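Look at the model below.

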Amino acid sequence: MSDLSNTDSNELDSLKQQLSELRERELQLRTTYNNLKQLFELAPFGYQSLDEDGHLLDVNQTWLHTLGRTREDVIGRNFTEFLDPACQPFFSEDFPQFKKRGVVQSAEIEMLRRDGSRVAVSFDGKVGRDSSGKFLQTHCFFRDITERKKSEVYGELSREILQILSGLGTLPESIHHIIEVLKQGTGFDAVGIRLKEGEDFPFYAQRGFSDAFLRKENSLLEYTDDGAICRDKNGKARLACDCGLVLSGKVDPAHPFYTQGGSYWVNDSRSLLDIAPETDPRFHPRNRCVYNGYASFALIPIRVKEEVVGLIHFSNKQRGSFSKKSVELLEGIASHIGEALLRKRAEAALQEERKRLTDIIDFLPDATFAVDGKGRIIIWNKAIEKMTGLSATDMLGKGEYAYTVPFYGEARPQLIDLIFEDNDDVALLYPHILREESTLTTEVFCKALFNGKQGAWVFAKASPLHDQSGKIIGAIESIRDITDKKFTEEKLRKNVAWFKALFNATSDSVILVRPDGTILDLNENAARRRTLCVGEMRGQNIFDLLPGESVEMRRKAIDQILYERRLVQYDDPREEKFYRIRLFPILDNQGKVIQVASFSRDITETKKTEEEKKKLQAQLIQSQKMEAIGTLAGGIAHDFNNILGAILGYAEMAREMSSHDPIVSKFLDRINQAGNRASDLVKQILAFSRQVESKRISLTPSLVIQEAIKLLRPSLPSTILIKQNIDFSVWPIVADPTQMHQILINLCTNAFHAMENTGGVLEITVQNKDLSALEVQHISATQPGKFVELSVSDTGNGISPEIRDRIFDPFFTTKGVGKGTGMGLSIVHGIVTSYEGFVTCESEVGKGTVFRAYFPVAECVEPQLFEQIEIAPSGVEHILFVDDEEILVELGTLMLEQLGYKVTGRTNSLDALATFQNQPDFFDAVITDHTMPGLTGSDLALRILQIRPDIPIILSTGYSNLISEEKAELLGIKGFAMKPLAKKEIASLLRKILDEAKSSRW
């Protein structure tokens, strides 16, 4: 028992000992756990644990503090909810790889704080697994690297801004570029730079601020109620808002919003609303940044030396965008901008001054270049570019006498180099150097100018360039091309005698005068024209020697020369002569007219030749027009006469057959009258075109005109009054009465159309005119003498000068459709000129027109008497009648058969020839048309006469330029008749040749 008891007691003590040790170890472990837990929670590293799906299992206090979260708000939520949206896709891609690899190192990512601000962190972690390797959870630690990232970003911004400021851009370009870089680099919502402008500091450049914000915030000046600028006791303008405090230097480094560098920054602008401005007299926020939603903003001063000349304004709608360190980094950027402003302003001022001087030199009219102390080209202006053909781009910076090559063809010293050093060898190249203090001038020939083909004489001037201490740091040379001047001087020296001889030998009268007309010199021809010697005319005034009208013309010409400084030329009609006057200005070096050279040439014969040439050209044109209308007239005459022949022939026969019916007879008479008028019109057209000769007789025109007026009066409206001034004792003329009638009708019809709408007076005058040589000098091929004048005047609208030269052209008319063909005046012109007369026209727009037709007076000629045939003679002979118009063959056959003849008709000349060949003795006479297909009438006549020479033949035609009565007679044709064929006329002609044929046989 005792042994057992001892054994139990020992075991109990041992258990107690073990229990005590376990309790002590538990206490130690708990202490260690508490210490580790406290260390885990307060460690400077954030800790987090994620399950396999990325949900948070555990986080430490540093993690919660960094993101401004509570444990209850975090545990169980997915880690992606706390990431910047831009980083969420990357985590979704990388987390599976992390679980697979089991480790992650220095993974940088941006997380979101509770207030929406971002924090940059760097993660390191491992995956926890069980003994079988199965995934349990992740264990990750992160460090806040926001400030480091900002430092890197701001450091990069600083380097980029330094590059911008050290570049070649202008200050405005640099500032705007910097704004873009700051806005993009910081990612802030708005960035602006204010720079001093007068007393204010408006935004010089900005990105992100709204127009409404800028309208209210751009100016920082404070104003009184009456609009005056508020000023302090020293008279300095007061600046409003926090910007004004920074720009004024009124900062308190002890205040949490300010830095030692004078910047103002805040991460939660809403707190400013709780501060009353009166609590600090330096603090006057306008709070517009707050009202526009900017939670964070910083105002960084820009200094030039110690003066604040502007600030950089950063604004962001996210809280917590700044830290003291980041603001200090931004102050470094602002200091770079301040230094650059000072440098850029100095450079800008220097550049502006240099540009101004360069522009002045660049646009100097003389070729100009400059070199520095080492002989390198620093200026090469536009004029020297043009002179040498070398651009400034090619020449600037070059040395080794490169500027000499385009002038002399080799690299050697020239005038400009004597500025730096007196060199006898160089001076010998310029024997005519003039020295005025430090300036050198000379004239020299440059053989290489203008590609070395001709060279050039130049005037060169070289002067030194000094620095502020007076030391020579370069030289400048200007070069002027004086080749023309040198050549002119040389020519003047060589050619004075030659010019004097030429001056006196020229056929022109040459006078040299001052602008006021005083004669300075003149040649012998000018003196000879006025029968004076040269010496007597020098010193006189040219205006005293000219006739009245010539004086005014010469004054105007000289005034024009004084104003325009160029050649003035005019023609001066004087004493029935024409002089071509040419005046040349003589200028001084300033371009002022100091003398006028007058050249006077007699061009009377030239003028006459020109006028004669114009007349001949007009006559040629008119002749060509007449030839054209003649061709047209001949073309229509044949067919028209065939038509008229049928009309007149049938009408005449119908009239004879219906004499018992007075109404039908009257109608047929009207048809005959109309047909005869048409026939007369064709004859007039042919006469106008000189295709046929009209039947002219000696007549008294006043009687014909009087008869024509009687026929004219009924055809004109009562609104037109006809006045007659007819001299019945006018001289006789040789004319065709029908054509005289046509002249008057056409002229009066033309006058009627001019007064048709308004009415007026039509005046007809016939009178004698004895025209002198002066009165007909402008009328081609017309001799002075006695004429009968027929004038027709109207009070109509008149004829404009633009068309007056065309009124006699065929088919030219200004009348509407149905008012005329344009042939009336051209027919009048053709008829009158065929009588060797002429027609004139005088007209004034709005006052009327007068046409005058002049007819040469006839010599004593007895009037021709015409035997009137009352009854058409008949016969019984057999006639062969040939015409290609079937209706005319039918008509001719009918007419001749009514007269008793036997007729065989043919419409084809070849058939007619065959008919005659078969029975040559069967026919007593032949009547044939001329213009026919196959054989013409004249060819048919020749073939028939070869068969039977004694057969009498009548040839008829309406028009042909190949046959005439004389040609027909030479061919052996006995009769010649013009279409249309009248019954009485053809009957008489046929009877005549038949009787003559019978007489010759007996």
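## Strand 11 and its surroundings

Strand 11 and strand 12 (residues 377–380) run antiparallel and are joined by 3 bridges. The model is predicted. Across this pairing, Phe-369 stands opposite Trp-380 in strand 12. The two strands form a hairpin with 4 residues between them, and there Gly-375 takes a positive phi near 80°.

Strand 11 has another partner. Strand 16 (residues 472–481) pairs with strand 11 in the antiparallel sense. Here Thr-368 stands opposite Ser-478.

| Partner of strand 11 | Sense | Bridges |
|---|---|---|
| Strand 12 (residues 377–380) | antiparallel | 3 bridges |
| Strand 16 (residues 472–481) | antiparallel | 6 bridges |

Is strand 11 enclosed or open? Of its 6 residues, 6 are buried, so strand 11 is largely enclosed by the rest of the structure. Ala-367, Phe-369 and Val-371 point one way from the strand. Thr-368, Ala-370 and Asp-372 point the other way.

Now the surface. Leu-364 lies in the loop between helix 10 (324–362) and strand 11 (367–372). Leu-364 is partly exposed, because its relative accessible area is 33%. With Leu-357 and Ile-360, Leu-364 makes a nonpolar surface patch of about 240 Å².

Ser-463 and Glu-437 are 26 residues apart in sequence, and their C-alpha atoms are 9.6 Å apart in space.

Key: Residues numbered from 1 in each chain as written. Predicted model: local features only at pLDDT ≥ 70, side-chain atom pairs only at ≥ 80, totals over all residues. Heavy atoms only, no water. Patch = residues over 30% accessible without salt bridge, like charges linked within 9 Å, V, L, I, M, F, W, Y side chains within 5 Å. Areas by Shrake-Rupley, 256 points an atom, 1.4 Å probe, with all protein chains shown as cover. Salt bridge = Lys/Arg side-chain N within 4 Å of Asp/Glu carboxyl O. Buried < 20%, exposed > 50% of the residue type's maximum accessible area, 1.4 Å probe, protein only. Pairing = 2+ DSSP bridges.
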